[in-house]
Amino acid sequence: MDTPFDVLGVDADAAPETVERAYRRRVKTAHPDHGGSPGEFQRVRAAYRAILDGDVPDDEDETASWEPAPDRTVDVEDLNYEVLDDHGWTLDDDDLFERAAAADLDPADYGRFAADPEGFLLESAEDEGHVWPFACRGGACANCAVAALEGDVTMTVDHVLPDEMLDRDVRLSCMAVPTTDTLRVVYNVKHLPDLDDLRLPPYPFERSTITDG
Ligand code: FES
């Protein structure tokens with residue numbers, strides 16, 4: 001029986017950064033959309049969770065009986081805000097996602113992915129190979145904003161969104177953790193007219209990251 005470390009292909013004494021890199025690599029190849037299978041995908045996620053929680057068998061008997069705990073994921077349907085104009089759609093359309101599903105959009109603009117119910121939405125999207133905009137990753141710039149049109153998320157930090165934006169279901173994906181089992185989100189809403197005024201340009205954060213590195 002493989003241990004969680006075997007599933008990720010790392011040594012048992014691997015550094016946390018090595019484990020995380022291995023996880024990000026494995027979870028992509030294990031995904032059903034990229035040649036993997038639902039079972040393999042769940043197994044990789046469960047192995048990573050077991051390592052993070054320190055729930056790893058430490059003798060042969062326990063290893064032989066290690067089974068990944070059933071994994072729960074959040075089903076996220078995502079749509080790129082940039083395609084709305086092209087099709088004459090708006091965020092207020094009740095059937096926006098049905099229209100998107102029927103429109104044969106590029107997978108980068110419309111699709112679904114499984115998100116970690118305990119992780120930040122932006123990170124889950126990135127784990128699945130999506131490229132969503134961001135800058136500060138700390139709830140301060142609004143570049144990562146999404147409109148959570150169905151389902152809900154909770155934000156651990158928010159320094160920028162006024163009540164009227166929250167009322168329109170705008171959330172910061174870098175700080176948003178799902179609270180429902182399904183979500184329909186429009187990402188890339190940073191150019192919504194009112195939000196554009198609040199948004200800080202990404203370059204101070206990019207420069208800070210380069211300096212910190
Ligand atoms: S990336 Fe700046 S608020 Fe999310």
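**Close-up 1. Val74 of β1 and its partner in β2.** Val74 stands opposite Ala115, a residue of β2. In this predicted model, the two strands involved are β1, residues 74-80, and β2, residues 110-115. Six bridges join β1 to β2, and the pairing is antiparallel.

**Close-up 2. Strand β1 beside strand β7.** Strand β7 covers residues 182-187 and pairs with β1 in the parallel sense. Six bridges link β1 and β7. Glu77 has Arg184 of β7 as its bridge partner. Another pair shown here is Asn80, which stands opposite Tyr187 in β7.

Close-up 3. Strand β3 beside strand β7. Residues 145-150 form strand β3, which pairs with β7 in the antiparallel sense. Four bridges connect β3 and β7. Val146 has its bridge partner in β7, namely Tyr187. Glu150 stands opposite Arg184, also a residue of β7. The open sheet of five strands. The strands follow the order β2-β1-β7-β3-β5, and their pairing is mixed. At the edges are β2 and β5, the latter made of residues 170-172, and each of these edge strands pairs on one side only. From one strand to the next, the twist averages 35°. Within this order, β1 pairs with β2 in the antiparallel sense and with β7 in the parallel sense.

**Close-up 4. Helix α2 along its length.** Helix α2 runs over residues 16-30 and has 15 residues. From its first C-alpha to its last, α2 reaches 20 Å. This is close to the 21 Å expected at 1.5 Å a residue.

**Close-up 5. The buried and exposed sides of helix α2.** Ala22, Tyr23, Arg26, Val27 and Ala30 are buried. These residues lie on the same side of α2 because they cover an arc of only 125° around the axis. Glu17 and Thr29 are exposed, and they sit on the face of α2 turned away from its buried side.

Terms used
Residues numbered from 1 in each chain as written. Predicted model: local features only at pLDDT ≥ 70, side-chain atom pairs only at ≥ 80, totals over all residues. Expected span 1.5 Å × (residues − 1). Buried ≥ 20, exposed ≤ 12 C-beta atoms within 10 Å, placed from the backbone. Arc of directions from axis to C-beta. Pairing = 2+ DSSP bridges. Axes fitted to C-alpha atoms, helices over the stretch in contact; angles between N-to-C directions.
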